[in-house]
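Hi,

Here is the structure I promised to pass on. Have a look at it first, and then read my notes below.

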Amino acid sequence: MHHSNSHTIIHAPAFTLVETIVSMTLISVIFLMVIQAFNSMLLGSYLIDARTAVRNEGEFVGEYFKLRIKNADPRSITCPTDSPKRISWQSKGSSDSYTFFIEPLDDPTTYRFCMTQSSLSNPLCDTILTYADVKVRDVTISCETPAYNQAPISNVNLSFVMDSTAKLGENSAVRDVSRFINVSIR
């Protein structure tokens, strides 16, 4: 009996070393492009969130301020010169008095807007109008009553600058957003 010890070698299709290196390089490049696109989308979303926060906070302060002060008795409006970041008034036909002011936060260059309904000379912050997602700075409140008009009219101006507390590197993601609100009260 004769046994033949022959083995049949089957070659399976496979990549050569060069083909494997080229395909891994292509996969790496495609993966890096996908990661870069994902990072860009995340950064864009982060910036949109920061812009939205600054815009919403600024609009809320402006609308709330205008809504409250439009009902003021123009003769009762006071903008103390020793405290240029505060305005007080009394509502028409009511004994309700309001004070709109800024309050410093932990950072001495950062403030938040507050509103209170009170007759206290140094009121506490009853209603907080801006929150920790924005920094308020360069606030100016001014009042003027034209002398040429017989009817009591007052113009109240509120201006401020807001920055986002969201950071992009060392700086705020959104900076130097100015707001100017002018209200004429009759």
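Before we start, one term: two residues are in contact when they have heavy atoms within 4.5 Å of each other. Also keep in mind that this is a predicted model.

With that term in hand, take Asp133. Leaving out residues up to four places away in sequence, Asp133 touches Ala53, Glu57, Asp163, Ser164 and Thr165. Asp133 sits in the loop between strand 4 (127-128) and strand 5. Its C-alpha atom is 7.1 Å from that of Ala166, although the two residues are 33 residues apart along the chain. Is Asp133 buried, partly exposed or exposed? Its relative accessible area is 30%, so Asp133 counts as partly exposed.

Now the overall picture. The protein has 1 helix and 9 strands, and from the N terminus on the order is α-β-β-β-β-β-β-β-β-β. Of the 186 residues, 31% are buried. If you take the contacts with a separation of 6 or more, 47% of them are between residues 24 or more positions apart. The protein exposes about 12500 Å², and carbon and sulfur atoms supply 58% of that area.

Next, the aromatic rings. How many aromatic pairs does a search of the whole structure find? It finds 6. One of them is Phe65 with Phe100, a tilted pair with 4.6 Å from centre to centre and 55° between the planes. This pair links distant parts of the chain: Phe65 is in helix 1 and Phe100 in strand 2 (residues 97-104), 35 residues apart. Phe65 counts as buried because its relative accessibility is 0%. Phe100 has a relative accessible area of 0%, so Phe100 is buried too.

Phe100 also pairs with Phe113. Why is this pair called stacked? The ring centres are 5.3 Å apart and the planes are at 20°, so the pair counts as stacked; the cut-off for stacking is under 30 degrees. Phe100 lies in strand 2 and Phe113 in strand 3 (residues 111-117), so the pair ties together parts that are 13 residues apart in sequence. Both Phe100 and Phe113 are buried.

If you colour the rings, pick out Phe65, Trp89, Tyr98, Phe100, Phe113 and Phe160, which form one aromatic cluster. There is also a charge over a ring to look for: Arg86 lies over the face of Phe101, at 4.8 Å from the ring centre.

On the surface, there is a nonpolar patch made by Val18, Val22 and Leu26, with about 290 Å² of accessible area together. Leu26 belongs to helix 1 (residues 17-69). Leu26 counts as exposed because its relative accessibility is 53%, and the cut-off for exposed is over 50%.

Last, a couple of backbone angles. Most residues other than glycine have a negative phi. You will find Asp176 in the loop between strand 8 (171-172) and strand 9 (177-185).

Happy browsing, and see you soon!

Definitions and conventions:
Residues numbered from 1 in each chain as written. Predicted model: local features only at pLDDT ≥ 70, side-chain atom pairs only at ≥ 80, totals over all residues. Heavy atoms only, no water. Patch = residues over 30% accessible without salt bridge, like charges linked within 9 Å, V, L, I, M, F, W, Y side chains within 5 Å. Areas by Shrake-Rupley, 256 points an atom, 1.4 Å probe, with all protein chains shown as cover. Salt bridge = Lys/Arg side-chain N within 4 Å of Asp/Glu carboxyl O. Helix = DSSP H or I, 4+ residues; strand = E, 2+ residues; numbered from the N terminus. Buried < 20%, exposed > 50% of the residue type's maximum accessible area, 1.4 Å probe, protein only. Phe/Tyr/Trp six-rings, centres within 6.5 Å; stacked < 30°, edge-to-face > 60°. Lys NZ or Arg CZ within 6 Å of the ring centre and 35° of its normal.
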